[in-house]
Number of protein chains: 2
Amino acid sequence: MSVPAPARRGGQPDKRRAIAQAARLVFGREGYARAGVDVIAAEAGVSKRTIYNHYADKEQLFLSVALEGADAVTDAVRVLMERHLRKIVDLEEDLTAFCLDRAQAVTEFPEHFALVRSIHAEVTRLPATVLEKWRAHGPPSAHQRLAPYLQRIADRGLLVLDDAERAANRLNTLTMNDVLIRSFYGALPLPEPTVRDIVTDGVRDFLRLYAPPKAPPQSREPS
Amino acid sequence: MSVPAPARRGGQPDKRRAIAQAARLVFGREGYARAGVDVIAAEAGVSKRTIYNHYADKEQLFLSVALEGADAVTDAVRVLMERHLRKIVDLEEDLTAFCLDRAQAVTEFPEHFALVRSIHAEVTRLPATVLEKWRAHGPPSAHQRLAPYLQRIADRGLLVLDDAERAANRLNTLTMNDVLIRSFYGALPLPEPTVRDIVTDGVRDFLRLYAPPKAPPQSREPS
DNA sequence: GTCTATATATGGATAGAC
DNA sequence: GTCTATCCATATATAGAC
């Protein structure tokens, strides 16, 4: 499943992107099995044969698009981390804002999460090598990138961490997972207030688990 | 989607169950779209026409089987609650045992969770009325049944609950959800030690959130 | 590389006898 | 109600001209 290099020689590389985008749309809307290569070709404005010139078959096209989409989401989350977790002013507020934005990313990439649902449905039929790549592009990598941010926060004394990666996973569990499951992985987006409640509660409990024993708000009047 | 009453007049009601079982197997193995009514008929040992005599179409067959399967899982979980949570001897141990058994139910009903994955993939194409029924038969009902058990435990002073149903959801979030997501809803079962780690950690954190402030182990020597 | 046209297969649903 | 045989639509993939 290594992403094949776009054909350069004389061909229009735009077409390949047009195909990928159309495939993402149609696969997301119809699911893998129902999606017709015909429809994808029409949506992309190319011939069916052109698709088969760029991709070996329907399955390769699907997997290629799925992995690209996962990377796009991953990049978006990376941006959110930098925005909310680089400089902490109020830990609870910043974590909440981060998780809220992260949760809303689910509804901002609807085509991709439709692909995620299709992959879940097909997962028992996918080759092991493909699944490994899928795992590598997915949530686990997100945890690995979140952990250093939490570690930096802990180094400033705002959290007490035994294991930064485990804590990253906990934050995810307490906020994202509920949103994912209850929204059917974004298929039926939850009302914004509901998401806010879930995330707020999750962050609060996360801090109850990981906040320092008694946060002395740097009282300016020592005994 | 009301489950239609089996035809009695002269027909063999066994056939219907054979069809349902075969459908559960084939839908679980192939997914909704790939599953052929032909194959289901062969697996059930009946003719294709017989299936269409019992069920309006493929979709009705699928949904009927899915809801029945959800009820079966629900009943199994109900049994586990009675076994582990009716009489508490050691709260942490009992909760852990319950959640472990509950998590392993995912791998004990592989066909059903394969159906769950298919439903996720199809969820945007399902009628709203069907989705409501699906939700009603699924996890939310499990929370509602778990809550009273937690409430009884709290009444004995072993937990401090603000809202029993919220706590039930928390226990679920901290144990089941990770298992579900990381195993791709049971498609790639996690190693038993991994499940044990997840559940053990989850219950420990649950108790850190909901245990009474300082559990006095009824010390026999007051000041 | 791209297009039109087509081969080939499959699957949902039905007709009609028993 | 159940079976055998079949219709018809659809979909993947390919052939061959430009």
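Predicted model: local features only at pLDDT ≥ 70, side-chain atom pairs only at ≥ 80, totals over all residues.
Colleague: What makes A:Asp201 and A:Arg204 a salt bridge?

Modeller: Their side chains meet with N and O atoms 3.2 Å apart, and since a salt bridge asks for a side-chain nitrogen of Lys or Arg within 4 Å of a carboxyl oxygen of Asp or Glu, the pair qualifies. Both residues lie in helix H10 (residues 192-210) of chain A, and because they are 3 residues apart there, they are separated by about one helical turn.

Colleague: How do you know that A:Asp205 and B:Arg170 form a salt bridge, and what does the pair join?

Modeller: The N to O distance between the side chains of A:Asp205 and B:Arg170 is 2.5 Å, which is within the 4 Å limit. A:Asp205 belongs to helix H10 of chain A and B:Arg170 to helix H9 (residues 164-182) of chain B, so the pair joins two chains. Both A:Asp205 and B:Arg170 are buried, a word kept for residues under 20% relative accessible area. There is also a network, in which salt bridges that share partners join A:Arg166, A:Arg170, B:Asp201, B:Arg204, B:Asp205 and B:Arg208.

Colleague: Why does the pair A:Arg83 and A:Asp101 count as a salt bridge?

Modeller: The closest N and O atoms of A:Arg83 and A:Asp101 are 3.9 Å apart, and because the cut-off is within 4 Å, the pair is counted as a salt bridge. Over all chains, the count comes to 26 salt bridges.

Colleague: What makes the pair B:Glu82 and B:Arg86 a polar contact?

Modeller: The side chains of B:Glu82 and B:Arg86 make a contact at 3.5 Å, and a polar contact needs a pair of N or O atoms within 3.5 Å, one able to donate a hydrogen and the other to accept it. B:Glu82 lies in helix H4 (residues 58-85) of chain B and, at 34% relative accessibility, counts as partly exposed.

Colleague: How do you know that polar atoms of the protein meet phosphate oxygens of DNA strand C?

Modeller: A polar side-chain atom of A:His54 lies 3.4 Å from a phosphate oxygen of DNA strand C, a polar backbone atom of B:Val37 is 2.7 Å from one, and an N or O atom in the side chain of B:Lys58 is 2.8 Å from one. The limit for a polar contact is 3.5 Å.

Colleague: Which residues and helices surround DNA strand C?

Modeller: There are 18 residues around DNA strand C, and the closest are A:Ser47, A:Arg49, A:Asn53, B:Val37 and B:Lys48. Helix H3 (48-54) of chain A and helix H3 (48-54) of chain B each supply at least two residues, while H3(A) gives the most, with 4 residues. By class, this surface has 5 nonpolar, 6 polar and 7 charged residues.

Technical notes:
Residues numbered from 1 in each chain as written. Chains lettered and ligands numbered in written order. Heavy atoms only, no water. Near = heavy atom within 4 Å. Nonpolar A, V, L, I, M, F, W, Y, C, P; charged D, E, K, R; others polar. Buried < 20%, exposed > 50% of the residue type's maximum accessible area, 1.4 Å probe, protein only.
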